[in-house]
Amino acid sequence: MKTMTLFLDGSVNDRESLTSALAFCRCIDGRLFVVPTRLRDIIIPEMEAHAVIQVQDEAANQERLRRARAAFDEVCGELDFAQWVEDDETEAEAIIKHGFLTDVVVLERVSREDGPEVLALNTALFDTPSPVLVTPPKAPAVIGRRVAVVWGPSVQAARALRTALPILQKAESITVLYNGEQKTNDPQVAVIYLADHGVKAEVKAFEGAGLTARGRGRAILTAVAACEADLVVMGAYGEDRLTALIGLGRATKKVVSATTVPTLLQH
């Protein structure tokens, strides 16, 4: 894990996202690529011609680019491990283009459960091989010292754990969080796996009895806060793709729309 790519949209959150990305970059001793993205074209139906017209708001895109570059210059300055990569793609297009050969895709926390933000997140999770780091509105000073690993008996959770090994091997403390009401969920398998890789972890259960998926997401966030983690590692969308895309109550969506801690996701 050496390279990461952050996608900026020219929003007021860009500086915090850059600060989080730099903290994670220092954690992995890696290199950061920063890609600004443009707005999607506006599609206007042309009823008489039975066609559509694509309208580009060039002024808005230029202002978006200016704000993103200003944030990059302010936060990254002359850092030799941060590189500006100017492109002319929408966020989803840029993620597909740059996401194949980066070790981590970095995106801002989503503010709603549909629209371009969710499209970008799903594109990164489903259409690239990379894990996704979701950054919170307020960047932490450091990332990777105290890590919470959300464990469950799923391929996604196992992938996330394996991906995060280089980070976990340098962390000061690791807590494996698990749903204590899920009888098939044995957190000791994760503890043993980590121990085999020289990583010591403690185990804590969160209360998941009778909760909806959204409720489980809240329970995870409460448990993360209790162990004072500065990074969360978890699997994303333990369902098939179609179910994940249309399900609004999933635990993953609750976490990525409400987390206050950088969260590393893997599908």
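Just after α1, Asp29 adopts a positive phi of about 55°. The model is predicted. A search of the whole structure turns up zero disulfides.

**Helix α1**

- Helix α1 covers residues 14–28, 15 residues in total.
- From its first C-alpha to its last, α1 reaches 21 Å, close to the 21 Å expected at 1.5 Å a residue.
- Of the 15 residues of α1, 11 are buried, so the helix is largely enclosed by the rest of the structure.
- The buried residues of α1 include Asp14, Ser17 and Ser20.
- Leu18, Leu22, Phe24 and Ile28 are also among the buried residues of α1.
- Two cysteines of α1, Cys25 and Cys27, are buried as well.

**Cysteines**

- The search of the whole structure finds zero disulfides.
- Cys76 is in no disulfide. The nearest cysteine sulfur to that of Cys76 belongs to Cys25, 9.1 Å away.
- A disulfide would need the two sulfur atoms within 2.5 Å.
- Cys76 has a relative accessible area of 3%, so it counts as buried, the cut-off being under 20%.
- Cys227 is likewise buried, with a relative accessible area of 5%.

**Largest pocket**

- The largest pocket is lined by 23 residues. Closest to its centre are Gly152, Ser154, Gln182, Arg216 and Ala251.
- Elements giving two or more residues to this lining are β8 (146–151), α5 (155–163), α8 (213–226), β11 (231–235) and α10 (251–258).
- Helix α8 gives the most to the lining of the largest pocket, with three residues.
- By class, the lining of the largest pocket has 11 nonpolar, nine polar and three charged residues.

**Second largest pocket**

- The lining of the second largest pocket has 21 residues. Nearest its centre are Asp9, Arg64, Glu91, Pro116 and Glu117.
- Elements giving two or more residues to the lining of the second largest pocket are α3 (91–99), β6 (104–108) and α4 (116–127).
- Helix α4 supplies the largest share of the lining of the second largest pocket, five residues.
- The lining of the second largest pocket divides into 11 nonpolar, one polar and nine charged residues.

Notes:
Residues numbered from 1 in each chain as written. Predicted model: local features only at pLDDT ≥ 70, side-chain atom pairs only at ≥ 80, totals over all residues. Heavy atoms only, no water. Buried < 20%, exposed > 50% of the residue type's maximum accessible area, 1.4 Å probe, protein only. 1 Å grid on protein atoms, 1.4 Å probe; cavity = no way out; pocket = protein on both sides within 12 Å on 5 of 7 lines; lining within 4 Å. Helix = DSSP H or I, 4+ residues; strand = E, 2+ residues; numbered from the N terminus. Nonpolar A, V, L, I, M, F, W, Y, C, P; charged D, E, K, R; others polar. Expected span 1.5 Å × (residues − 1).
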